[in-house]
Amino acid sequence: MSEERSGSRTKTGVLLLGLALAAVLGAVGYRSLDRQDGAAPPTARVGPLATLEARVADDPSDAAAWQELGYARFDRGDFGAAVSAYRRAIEIDPEEAVLWSALGEALVMDSERDPLPANARAAFRHAVSLNPADPRARYFLAVERDLDGDHEGAIAAWLDLLEDTPRGAPWEADLVRTIEQVGRINSIDVAERIARAQAARGAQVASAGGGAATAAIPGPSAAQIAAASAMPPGEQRQMAEGMVARLEAKLAADPANVDGWIMLMRSRMTLGQPDRARRALADATRANPAAAVQLREAAEALGIR
């Protein structure tokens, strides 16, 4: 495969791991954030760029604010500025894998010539050293194999990622399409292998609509999800991260909200952050020992181990 072709697919295909807001809404729920009357809220963004810049100016030690600013800059195509914001977030919170994989993605998009520059590869490797399950880093490290000519190794890594992907995850269809495209370009038969990977997942939790195992976990209405799905992907991603950060802040102020903790656990799993989901479970159990059984049952249903 030529570098030009691989690079083109990298810069478009990588966004398959951009977070679909509808999926995160299924995990977080509008009502838990802003509304108490059950009415569907208007579509909103995390905030204008100036607001986010004001937040980091007011509190330069707020890693979450720098992370949101990175997403906002990324969404506007200002990838170099996004890199700077992510680096500031990492300086404050260097142990968060999601920040390293976000930095790597921004470095990829900021590169004019190299489809996967060395500093991006290093960021992705560090992300998986912190969290081997980080889906964005795993996707890109498979891209690295493809770019280096190891097409079979790339496909195997993507299939492993597919096997670990919850059914209905927002990137599932595009991940399958990537595997199919690389297989077709390089004359590698992947159809049966894709089917086996999908079958091996068993009863994974659907990211947006949920399943029988998580039917009792609160979420938005179908109308709310449909409205969110109509947003451009960049806005979906930006808003999703902001919503989860806001829910986490609300739980810090009101740790007795058991439903809120379950929503946070589910949202972290939807975002591909099992380490943060486990941390949420620990924090929730510590704050609500009487609800420990309920919290652990919900965690088990969500695939948190």
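**Close-up views of a predicted model**

**View 1. Helix 4 and helix 5 are roughly antiparallel to each other.** Everything shown in these views comes from a predicted model. Here, helix 4 (residues 49-58) packs against helix 5 at an angle of about 150°, and their axes are 9 Å apart. Since angles over 145 degrees count as roughly antiparallel, this pair is therefore described that way. The crossing of the two helices is left-handed.

**View 2. Tyr71 and Tyr86 form an edge-to-face pair.** How many aromatic pairs does the count come to? The count comes to five. For Tyr71 and Tyr86, the ring centres are 5.8 Å apart and the planes stand at 85°, so the pair is edge-to-face. Tyr71 belongs to helix 5 (residues 63-75) and Tyr86 to helix 6 (residues 79-92), so this pair ties together parts that are 15 residues apart in sequence. Are these tyrosines buried or exposed? Tyr71 is buried, at 3% relative accessibility, and Tyr86 is buried too, at 0%.

**View 3. Tyr139 and Phe140 meet edge-to-face.** The centres of these two rings are 5.7 Å apart, and their planes lie at 75°, so this is an edge-to-face pair. Tyr139 has a relative accessible area of 0% and is therefore buried. Phe140 is likewise buried, with a relative accessible area of 0%. Widen the view and you can pick out one aromatic cluster, made up of Phe124, Tyr139, Phe140 and Trp158.

**View 4. Helix 9 and helix 10 are roughly antiparallel to each other.** Two members of the cluster, Tyr139 and Trp158, return in this view, where Tyr139 is on the helix 9 side of a contact and Trp158 on the helix 10 side. The axes of helix 9 (residues 135-147) and helix 10 (residues 151-163) come within 7 Å and cross at roughly 165°. The crossing is left-handed. Helix 9 brings Pro135, Arg138, Tyr139, Ala142, Val143, Arg145 and Asp146 to the contact, and helix 10 meets them with His151, Gly153, Ala154, Ala157, Trp158, Asp160 and Leu161. By class, the residues of this contact are eight nonpolar, two polar and four charged.

View 5. Arg121 sits in helix 8 (residues 118-130). Apart from its neighbours within four places in sequence, Arg121 touches Leu116, Leu141, Glu144, Leu147 and Asp148. How far apart in space are Asp146 and Val182? Although 36 residues separate Asp146 from Val182 in sequence, their C-alpha atoms are 8.4 Å apart.

**View 6. Ser187 has a positive phi although it is not a glycine.** Most residues other than glycine have a negative phi. For Ser187, phi is about 55°. You will find Ser187 in the loop between helix 11 (172-185) and helix 12 (191-200). Ser187 counts as exposed, at 71% relative accessibility.

**View 7. Helix 15 and helix 17 are roughly parallel to each other.** The axes of helix 15 (residues 258-270) and helix 17 (residues 292-301) come within 10 Å and cross at roughly 20°. Angles under 35 degrees count as roughly parallel, and this pair is therefore roughly parallel. The crossing is right-handed. Val258, Asp259, Trp261, Ile262 and Met265 of helix 15 make the contact with Gln294, Leu295, Ala298 and Ala299 of helix 17. This contact has seven nonpolar residues, one polar and one charged.

**View 8. The whole protein has 17 helices and zero strands.** Of the 305 residues in the protein, 52% are buried. Among contacts with a separation of 6 or more, 66% are between residues 24 or more positions apart.

How values were computed: Residues are numbered from 1 along each chain as its sequence is written. This is a predicted model: local features need pLDDT of at least 70, side-chain atom pairs count only at pLDDT 80 or more; totals for chains, interfaces and linings use all residues. Side-chain values use heavy atoms; hydrogens and water are left out. Axes are lines fitted to C-alpha atoms, for helices over the stretch in contact, and angles run from 0 to 180 degrees between N-to-C directions. Helices (H or I, at least four residues) and strands (E, at least two) are DSSP runs, numbered from the N terminus. Angles under 35 degrees count as roughly parallel, over 145 as roughly antiparallel, 65 to 115 as roughly perpendicular and the rest as oblique. A crossing is left-handed if the near helix is turned anticlockwise from the far one by less than a right angle, and right-handed if clockwise. Contact means heavy atoms within 4.5 Å. Ala, Val, Leu, Ile, Met, Phe, Trp, Tyr, Cys and Pro count as nonpolar, Asp, Glu, Lys and Arg as charged, and the others, Gly among them, as polar. Rings of Phe, Tyr and Trp (its six-membered ring) pair if their centres lie within 6.5 Å; planes under 30 degrees apart count as stacked, over 60 as edge-to-face and the rest as tilted. Buried means under 20% relative accessible area, exposed over 50%, partly exposed in between (1.4 Å probe, protein chains only).
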